[in-house]
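Have the viewer open while you read.

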Amino acid sequence: MTQPEPPLPASLHIDSPASFLAALNWATQVALAQRARSMVWADPSFDDWPLDDEALLSGLAAWLRLPLRQLTLLRSGGAAMGLGHPRFARWGATWSHAVQWRLAPPDALALPSAAWVERAAIVVLNDPALWLGQAQTERAAVQQWAEQIDVVLQRSLAGPGFTTLGL
C-alpha cells in the first residue's frame with residue numbers, strides 16, 4: 001500500500017538558486033495537484049533560471065500531460081530560447097504544442113521574475129540578483145500577481161519560441 005502524498009506547504013522562502021529551484025518544483029506540484037489549466041512564467045531573459053533541471057522538466061511534463069494545459073513563458077525580448085538551456089530547448093521542442101513564448105512590449109514596466117499558477121500559487125523573486133523571494137498560495141497575492149502579469153500579457157507579442165541549436 002502506498003502512502004498518501006504529504007500536503008504541500010502554503011508558502012516557501014527563497015534565498016538561493018537552490019531554493020528558487022525548489023519553489024519552481026513546488027509550483028509545478030501545486031499546478032498538478034490543483035489541476036490548474038495554465039501557468040505563466042515571466043522573467044526579463046530566463047538566463048539564470050534552472051531550466052535544465054531534470055526533475056523540473058519531468059514535473060512540467062507530468063502537468064502538461066493533463067488535457068488542455070498551457071505554459072506561457074513571458075520575457076522582455078532577445079533571440080530564440082535555447083542557447084543557454086539546451087536540455088530545456090529539447091524538452092520545449094517536444095512540448096511546443098503546449099508551451100508558448102510571449103514577448104513583453106518594449107514600453108512595459110520592468111518584467112518580474114515570477115511563476116504564476118492559475119488561481120493557485122505564485123513564486124516571485126523580489127530581488128533576482130540576491131535570489132530573494134517568496135512562494136505562496138495566499139489567494140490575494142496570487143490574484144494581485146495575476147493582474148500584474150495579465151496587463152503585460154495582453155500587450156505582448158508572440159515570441160520566437162525554441163531553438164535546438166540548428167538541429
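**Notes on the model**

1. Aromatic rings to begin with: searching the whole structure turns up 7 aromatic pairs. One of them joins phenylalanine 20 and tryptophan 131, a tilted pair at 5.6 Å centre to centre with 50° between the planes. Phenylalanine 20 sits in helix H1 and tryptophan 131 in the loop between E6 and strand E7 (132-136), so this pair ties together parts that are 111 residues apart in sequence. Both phenylalanine 20 and tryptophan 131 are buried. Keep in mind throughout that this is a predicted model.

2. Another tilted pair is formed by tryptophan 91 and tryptophan 95, with 6.4 Å centre to centre and 35° between the planes. Tryptophan 91 counts as buried because its relative accessibility is 10%, under the 20% cut-off. Tryptophan 95 is buried as well, at 13% relative accessibility.

3. Which residues do ring pairs link into a cluster? They are Phe20, Trp41, Phe46, Trp49, Trp101 and Trp131. Phenylalanine 46 belongs to the loop between strand E2 (38-42) and helix H2 (54-64). Is phenylalanine 46 buried or exposed? Its relative accessible area is 0%, so it is buried.

4. For the overall layout, the chain has 4 helices and 8 strands. Going along the sequence, the pattern is β-α-β-α-β-α-β-β-β-β-α-β. Of the 167 residues in the chain, 45% are buried. If you take the contacts with a separation of 6 or more, 75% of them are between residues 24 or more positions apart.

5. Now the packing. As a rule, nonpolar side chains in soluble globular proteins tend to be buried together. Here the largest nonpolar core has 38 residues, and the members touching the most others are Trp41, Leu71, Trp91 and Val123. At least two residues each come from helix H1 (17-34), E2, H2, strand E3 (70-75), helix H3 (86-94), strand E4 (99-103), strand E5 (113-117) and strand E6 (121-127). H1 gives the largest share of this core, 8 residues. Another core, of 15 residues, lies apart from it, and its members include Ala104, Trp116, Trp145 and Ala146.

6. What does leucine 71 touch, leaving out residues up to four places away in sequence? The list is Met39, Trp41, Leu60, Trp63, Leu64, Trp91, Ala98, Val99 and Gln100.

7. An α-helix has 3.6 residues a turn, so residues three or four places apart point the same way. At the start of H2, a side-chain oxygen of aspartate 53 comes to within 3.2 Å of the backbone nitrogen of alanine 55.

8. On charges: how many salt bridges does the structure hold? There are 2. Glutamate 54 and arginine 87 make one of them, with the closest N and O atoms 3.9 Å apart. This pair links distant parts of the chain, since glutamate 54 is in helix H2 and arginine 87 in helix H3, 33 residues apart. Glutamate 54 is exposed at 57% relative accessibility, while arginine 87 is partly exposed, with a relative accessible area of 36%.

9. Glutamate 118 forms a salt bridge with arginine 119, and here the closest N and O atoms are 3.3 Å apart. Why does glutamate 118 count as buried? Its relative accessibility is 18%, and buried means under 20%, so glutamate 118 falls on the buried side. Arginine 119, at 70% relative accessibility, counts as exposed.

How values were computed: Residues numbered from 1 in each chain as written. Predicted model: local features only at pLDDT ≥ 70, side-chain atom pairs only at ≥ 80, totals over all residues. Heavy atoms only, no water. Buried < 20%, exposed > 50% of the residue type's maximum accessible area, 1.4 Å probe, protein only. Core = buried A, V, L, I, M, F, W, Y, C linked by side-chain atoms within 4.5 Å. Contact = heavy atoms within 4.5 Å. Polar contact = N/O pair within 3.5 Å; in protein donor to acceptor, adjacent residues only side chain to side chain. Salt bridge = Lys/Arg side-chain N within 4 Å of Asp/Glu carboxyl O. Phe/Tyr/Trp six-rings, centres within 6.5 Å; stacked < 30°, edge-to-face > 60°.
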